[in-house]
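Here are some notes for a colleague opening this entry for the first time. Please read them with the structure on screen.

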Amino acid sequence: MNFVAPDVNYYSMLPFITVLLTAVFATILPFYVSRKAIAGLSAVGLLVALAASIGLWNTNLSSFYGAYRSDNFALGFGIVLIVGALIAVISSVDVAKRGGTMQAEFFAILLYAVSGTMLLASAHDLIVLLIGFEVMSLGVYVLSSFQETAKSEEAGMKYFLLGGFASAILIFGIALVFGATGKFGLEAINTAVLSPEFKNSSIAAVGALFILIGFGFKVAMAPFHQWTPDVYTGAPTVVTQFMSVAVKAAAFAGFLHIFGLALQNVSGWQTPLQFLIALTLMIGNLAALRQSNLKRMLAYSSVAHAGYVGLAVLASPSQGFSSALYYLGIYTLMNAGAFAVLNVLSKDDDGLEIESLAGLGSSKPLLAATLTFFLLSLAGIPPLGGFIGKYLIFSAAASSGYYGLVILAALTSAVSLAYYLRPIGLMYFRPRVTVLPDFSGRSTRVLLVVCAAGVLILGLVPNAVYGLLELVKK
Amino acid sequence: MIHLIIFIPLLFALIGLFLRGQARASISIFAALASFALTAVVWIAKIDTVYRTPWIPGAGIFYSVTFDGPSLLLALVATLMTSITLIYFSNRKDSQQAEGMYPLALAMLTGLLGIFAARDLILFYVFFEATLVPSLFMLGLYGRKNRVRALTKMALYTIFGGLLMLVSIIATKLYSNSPSFDFLELFGRTSQLDLETQTWLFLGFVAAFAVKLPLFPLHNWLPDFHAENHSSGVADVMGTLYKVGGYGLFRFALPLFPAAAQNLQWVFMFLAAFTALYGAWIAFSSKDFKRLLAYAGLSHMGLVALGMFSLNPIGMAGALFLLAFQGVYSSALFLIVGMLEERLNKDVQNEKTTSQALEIGHVRGLAASAPAFAGVALVLWFASIGVPGLAGFIGEFSVFLGAYQANPWATALAVSTVIASAAFALTAYQRTWLEETTTTIPELNARDWFVLVPILAVTVFFGVFSGSALKLLEPSVQAVAGLLGGK
Amino acid sequence: MVVFVILAVLAIAGAIGTISFKSGIYSALSLVGTLLTLAMMYVTLHAQFLASVQVMVYAGAIMVLFLFVIMLLNESQMSGADPLPWVQPVAIAGGIVLAAALAFTAFQFKAPKNLETATAALQGGTPGAIGETLFTKFLLPFEAVSILLLIAAIGAVSLVHRQPAHNEALETTSEHATDNAYSDETSSNPAKVVA
Amino acid sequence: MVETQYYIALAAILFSIGAVGFLTRRSAIQMFLCVELMLNAANLALVAFSRAWGDLLAQSAVFIILTLAAAEVAIGLGIIVAIFKKRPTTNVDVLSSLKG
Amino acid sequence: MDFNHNLFALMPVLPLLGWLVLIVWGKNMKEPTPGILASSLVFLSFVLAVVGFVQVSPMKEPLLNTLRWDFLPMWVSDAKGVLVSKPLQFGFALDHLSSIMTLIITGIGFLIHVFAIGYMHGDKGFSRFFAYLNFFIAMMLILVLADSYPVLFIGWEGVGVASYLLIGFWYTDVKNSDAARKAFIVNRIGDAFLMLGMFLLFMTFHTLNIHEINSSFGSVVIPNVTTISTGIAFGSPPLELAALFLLLGAAGKSAQLPLSTWLPDAMAGPTPVSALIHAATMVTAGVYLVARSHGIFANAPGASSWVMWIGALTAVYGALSAIAQTDIKKILAYSTVSQLGYMFIAVGSGAYWVGIFHVATHAFFKALLFLSSGSVIHAVGGEQDVRQMGGLREKLPTTHIVSLIGTLAIAGIIPLAGFFSKDAILSSVFTSPFGGDFSGYAIWAIGLIVAFLTAGYMWRWYSLVFLGTYRGHAHPHESSSVMTVPLWILAALSVVGGFIGLPHFLGKNVNWLEGFLEEAAPNALGFHEIPLWGELILIALALAAAVGGILFSRWIIARDGVNSAGWIATRFGNASRKALFVDQTYDIAVSAPAKFISEQLELADTHGLDRGIGALANGTAEAGASLSVWQSGFVRAYAIAVLLGTAILVGYLALRSFA
């Protein structure tokens, strides 16, 4: 029995390992060290992982026979995820007392979930991808029911049950895909599908469909989006922030990998996906119009944005990957920023009535200005990054011929202006009605300014980042 | 040199944010005058080099700007009028409460100069939408009672049109598979496209420009925008300058899709003529001065659209001339209304209600106490209804002359606006200035004259010696007309 | 073939039992029955090691945990009207459609190799064979699963650990939270709870 | 040797029964049981395919999914216990305060 | 800049300078200086006009000024179809026709300026009045000297603006401002048609230069652009339509029938204004336009006959309305409308020099009549109602004599100017090529009747004001010499004026004016000859009509007594005073519905469209609301969506592969 030495290349997994190590330390140390130190430790850990990912850029290493590959795509998503996690960690520091995220385990579980997302982003094997998916999901199930309030528990429960149901479907899909191709590796599946003696196209199609539904649920595409508003509103705001940004980005990484690489040539999933995207765009934007609670409105808006990124999945991999990555990068900054502002302004985790924002422009100028930046960028107003992101996605989808969807996306993003403009209008053009608590410490202020600057720079000088993404093209 | 002109106002707007009171006023006025001076230098030194650097090379977007004929003329008018308006605003007593106007106006000026200079479609779109934000803030921060309704209406109209244009911009680049969005590269390729695609792409562009012009069905935001704006008229002036629909049509929509333009010519000419008549006809019975001027502006824009869609060189040159100089005298009328309102509202309360003073017929016979003021107002009203010898006539006459060659019936309809505009202008003028005196107002003082003299000079000078402005427009109109094969 | 039919019928009966029994215990027990039948099926599919693992881990550990929790919560019978009466028939119809479609696609499966040669490579799914693949070709998932178990453990602990959070702010919120949690609960709960 | 199609058909049927069970039962634990059933159906399909392809990888994948199910049970029951300890019933419809 | 070419172009510049000076520094000038300044500037223009007249009379071609600049953008596609930019030049041209007009404008203008110094004595806006008068003279000169239609249009609208300012001079009274606004708007309607005419001309001739168009009938080279054989045949449809547009434009300015309602109201302005603008110069601009574009009208028979018919109908309408008027100036206003009708008959008949001849003579005696009524009003302290006057023969001897001369002149008594010009009109319409078989004679007959009526109402005017006993209660006194001197000059001109256009029977080349205008405004071809005795009969009949009119009027006044306004009481009298109710019909038929529609549109636009857009907006919002209802909060409801989604998609795939 010849013993085949496993090809383990630790250097390529450096960012993943650093996050894992920080998670382990964060699990052990809280018995000796104060909670703030743990937050600092996790932030440092994430920064080291960030540095490692940037270091690995363009190296295109892989280990475990290609099951774990740290190519530019994975590293790009890794960076986006780490930034999302960093924002969550920093903004959790100021609201720890109120947000019920006091226990030290909060950071441990958060970091484990982040490692899960990084695994998901760099996996080139269905099973590894599944494990990353599950680690992330379990982490977030726990985090969303972290607060001892009825709302948080209800959110956790709902998310867990529906999540379990969806992952069962996902696993059945993986089984069917294996059945049809006999392979787990993404490239291997693709070669199997293209090879002449590939016979089980219908099994593969059904398998692809099941995987589409599994990921559709996690990415919150209509009609599987229904859990998002309830869970986002119920969970603590910091967790919602992390979920809406990092979890969604990681899910899209998996989505792109599977449907961009493995099932590229399997027919049958494109039309349902178009139908899902159209539904998501409409439901996401229309439902948000009538919301009176800012947190719930941002939840529906994140559903809508899932629709926009879905367009990138449809587009050809060469353009689709880079525009999706750029969009998710910008989305992370602006959405996490918006949640950070919401976080410091609300007295509890039930979110904030939009009406109570009235007059914020004069009472808390910095918060109001940064929130305006984020909302305008979410709406896609030109000078800011949101516009460039939307433009790239629209042109990627248009170049693969999905004009109908692009026009629908344009119209729904016009509708989205209505509900993004309302808070801005209230903040600046209405006298103050209620006094809002302000938990923002120095760290959140710096965070907000950095995010707003990021959004502006990515809007004005996108080439600095987008140029790098050129290399993501396969 | 060109970037200096475009970005000086924005730079000083940011600096101005940190200053207060008189310092902010003088900085802002200096910025506007500086950009005006530089534009004048560009005009005299005839610099029309195209400056082009990659902005997002991956997506084929380049930062290419130049000031050729029409954009230079429009830029001159924009910078001149902004500096005059800011000087006027600094004279006003209530400029302390609305200090935000300075940076916002300068930000808008940068946007406008960007629009006129941009040669890359995406760059044009970015400036086109970005200019909307300061305008919305001006309306929102310093508007009247139901300003938020007007604000949302304007925002939605513009964004809807804008996004449709964005989609057709993307589709243009793809269909004509040109390497970049640069107008010169797209220019040759799009005319080979078949008529059907050209028409769809053309309609995408026209949707955005029809909102901005505005043309009939999409004009509903304009009266509310002007009625609800700050009574000093600064926001209205910037709004008048922001009517870039006509320029957009001339620069991008018509040359890129000649076949579609010729095919749909008669539809849009009748629509434009109808808008002109519709605007003038409603102006006759509008109650409030601001609304009256809004509808008068709508009627002017109808004529600009008529000239543009006539695809006839004379018509287009006239439309550009009218577009440029209506920026001068229509804005001046808004300033006159502002001065009037300031004189009548001695105790300017900052409660944002529609002040009585602006209602037509509320006060009468002001000429008795301020004859010079009445004279200046009369000259500006005559310029706005196109009495020969003033700048309005040159534009209007050439628009009609050109449009008649293309479509006599639509022009006949449009010429009737000449009568309707005389009716509403003189009625409004008579209600406030003539008839028996009900109130007396102070005569124009030195500072008012300092604001009004340049405007009158420009209106009269370019009404008679219009040659120099026409020489500016000639080359590019000749090029576009040659392409469109106008009759 | 006969063995397969018997086992299939048993499995389906067990599954139907799990979903139809009212009380938790009976459905858990019928699920255990299904699991055991599946283990036997694995044997026929040349996966002896998996069969034993299934029996030990799944039927043994996990189901015991389930029974333990069901006992712990001694939840009474489901009472009160179902707030969503239309869910049941729609679910059943949907399930049938799904089953039919899947079964139909299943029968379209064309085996890539003939069974004999394929099963030979399996070496009967003995622990040795599986161990070898696990530690060579399948090493990364094997390691990755360890993270999964780690987070499961910490998650469970932190969920329990939540209650006696020691900071005063949370103290107040938690008392306050739990009281109103029930108050609005019962009022909003349409099903009249039998005390 | 029984053909693989039959095993897959059986897996499909078990999967659908699990799905229906998830929707009809109103107690959280029983819904969770149904999810476990669906997972087992998937395992069966995988084992059947591993025999069809003669590839032990699928069996080790089943091994992984087993541990995954175990972890999920740990967390799931943790949450269920944490939540329903304070509530009289494990009826999941009770948890419907978040809506709109 | 060579001097002799651009000297005449200075004519409009001087009064414009006067306007500028008076507007800016007018206020701080003491009473008479603005008047003197304005009058002297107009006098200088008059000198320039005379110099121009001397300079241009020997020349055949029009004298073009060299100081030109680009005014309007214009493109013409040359032979190869390539667009060549040929912008329209802002320039002037002086030829025989325009030099005569400049003489009339500056001459009469100067006299009226001098008269106005006396008339406007003591008025608060003294300098403003003379500024506006100078502005008017400048604009009228631009109109007359223009060498292309758009430059003519500048003068055209310029005089419209001047008349608006002057009619509404005493703006504090609502009636005056309304009259001014009405005048401007009705003029604007005429201008709109003139514009359409210009566009059509450009479409057919590719140029708007007047001399190029007039000379382009038959194939001729249009300098340095193209040699196009115009192919514009005699009476071709675009030509007829263009001529019609020009006619409607002229009708607007010269208060012909469709657009004649504004002139009587224009009397609200001061009397010198009525004399200068609404008698002598501005209203004749329409006649000048037709004469200037003689090429077009000569080749458009249909349009020319239209011109004649409109002239005839307006003449009758004017005469009938003038008979029963009670306001001294209103009588003269309607008389002007009727005389303008005469001029349109003349130019319509193709004899353009006759039209200009009547413009000249009419300018003399109508200005005379207006100024004398001005001095009468001045004497009786602003009273304008003839029923409060009478018996002023003794108190105002000079005004009486000059008014008598004026009345006889306008009636057309033998040696005075009116006789010759009216006779020339009647004989030209009698022999006109455009008369066709019937309409020539019919219009001649109408002309005779109008001559009879004119003599009648003028004599009534004279007798009501000067004969009988003084019915008013002011104490009239003769006006100062500054007002009587212009009256005497005008009286002399009314007497002598007729001799520049003696009738043919006195000899072939004895008629100076026809010869002088041979090139500038050649007659249309095809005047048929009438024998000598025929001409004599026509003259006799014309004279008979005039004398008969006067005798009839004397008989009526003798019958009902000079003080009783017998004619007014009858129903016919009432209709005549209301100017045949034309004004009222316009208000009901045109302005009321236009105002109503405008109000409805305004309401619809501000609220109607709002509701529409509002409905759309909350429509989408409602859709959003219904979605949140679907979000029921029950876990199992969400799961159902997942299951159904799966079932449908898989079913779809199965079916697809099955089908």
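1. Start at Leu152(E). Is this residue buried or exposed? Leu152(E) counts as buried because 25 C-beta neighbours lie inside 10 Å, and the cut-off for burial is 20 or more. Keep in mind that this is a predicted model, so the count is computed from predicted positions.

2. Place Leu152(E) in its chain. The residue lies in helix H6 of chain E, which covers residues 149-167. Set aside the neighbours within four places in sequence, and Leu152(E) is in contact with Leu143(E) and Ala146(E). Now look further along the chain, to Ala409(E). Leu152(E) and Ala409(E) are 257 residues apart in sequence. In space, 32 Å lies between their C-alpha atoms.

3. Next, chain E as a whole. Its secondary structure consists of 26 helices and 6 strands. The C-alpha trace spans about 115 × 65 × 55 Å along its principal axes. Chain E has 659 residues, and 57% of them count as buried. Take the contacts in chain E with a separation of 6 or more: 81% of them are between residues 24 or more positions apart.

4. Helix H4 of chain E runs over residues 96-119 and has 24 residues. From first C-alpha to last it reaches 34 Å. That is close to the 34 Å expected at 1.5 Å a residue. How many of the residues of H4(E) are buried? The answer is 23 of 24, so by the burial cut-off of 20 or more C-beta atoms within 10 Å the helix is mostly covered.

5. The model scores ipTM 0.80 and pTM 0.84. Chain E averages a pLDDT of 84, and 95% of the residues score at least 70. Residues 219-229 of chain E fall below 50. This stretch still has 13 contacts in the model beyond near neighbours in sequence.

6. Turn to chain C. It has 8 helices and 0 strands. Along the sequence the pattern reads α-α-α-α-α-α-α-α. Of the 195 residues in chain C, 35% are buried. For contacts in chain C between residues at least 6 apart in sequence, 57% join residues at least 24 apart.

7. Chain C also carries a domain assignment. It gives domain 1 (1-74) and domain 2 (126-157). The centres of the two domains, taken over C-alpha atoms, are 23 Å apart.

8. Which chains share the most contacts? Chains C and D do, out of 8 pairs of chains in contact. Here 83 residues of chain C are in contact with 69 residues of chain D. Helices H1 (2-20) and H8 (168-188) of chain C are among those that each supply at least two residues to the side touching chain D. H3(C) gives the most, with 11 residues. By class, this side of chain C has 60 nonpolar, 16 polar and 7 charged residues.

9. Some pairs of chains do not meet. No contact joins chain B and chain C, and their closest C-alpha atoms lie 36 Å apart. Chain B and chain D do not touch either, with 25 Å between their nearest C-alpha atoms.

10. Finish with the core. The largest nonpolar core has 773 residues. Those with the most contacts inside it are Leu110(A), Phe172(A), Leu306(B), Ala45(D) and Ala367(E). The core draws at least three residues from each of domain 1 (1-74) and domain 2 (126-157) of chain C. Beyond neighbours within four places in sequence, Phe172(A) is in contact with Phe210(A), and with Phe15(D), Met38(D), Ala41(D), Ala42(D) and Ala45(D).

Methods: Residues numbered from 1 in each chain as written. Chains lettered and ligands numbered in written order. Predicted model: local features only at pLDDT ≥ 70, side-chain atom pairs only at ≥ 80, totals over all residues. Domains from an automatic or database assignment. Helix = DSSP H or I, 4+ residues; strand = E, 2+ residues; numbered from the N terminus. Expected span 1.5 Å × (residues − 1). Buried ≥ 20, exposed ≤ 12 C-beta atoms within 10 Å, placed from the backbone. Core = buried A, V, L, I, M, F, W, Y, C linked by C-beta atoms within 7 Å. Contact = placed C-beta atoms within 7 Å. pLDDT = per-residue confidence, 0-100. Nonpolar A, V, L, I, M, F, W, Y, C, P; charged D, E, K, R; others polar.
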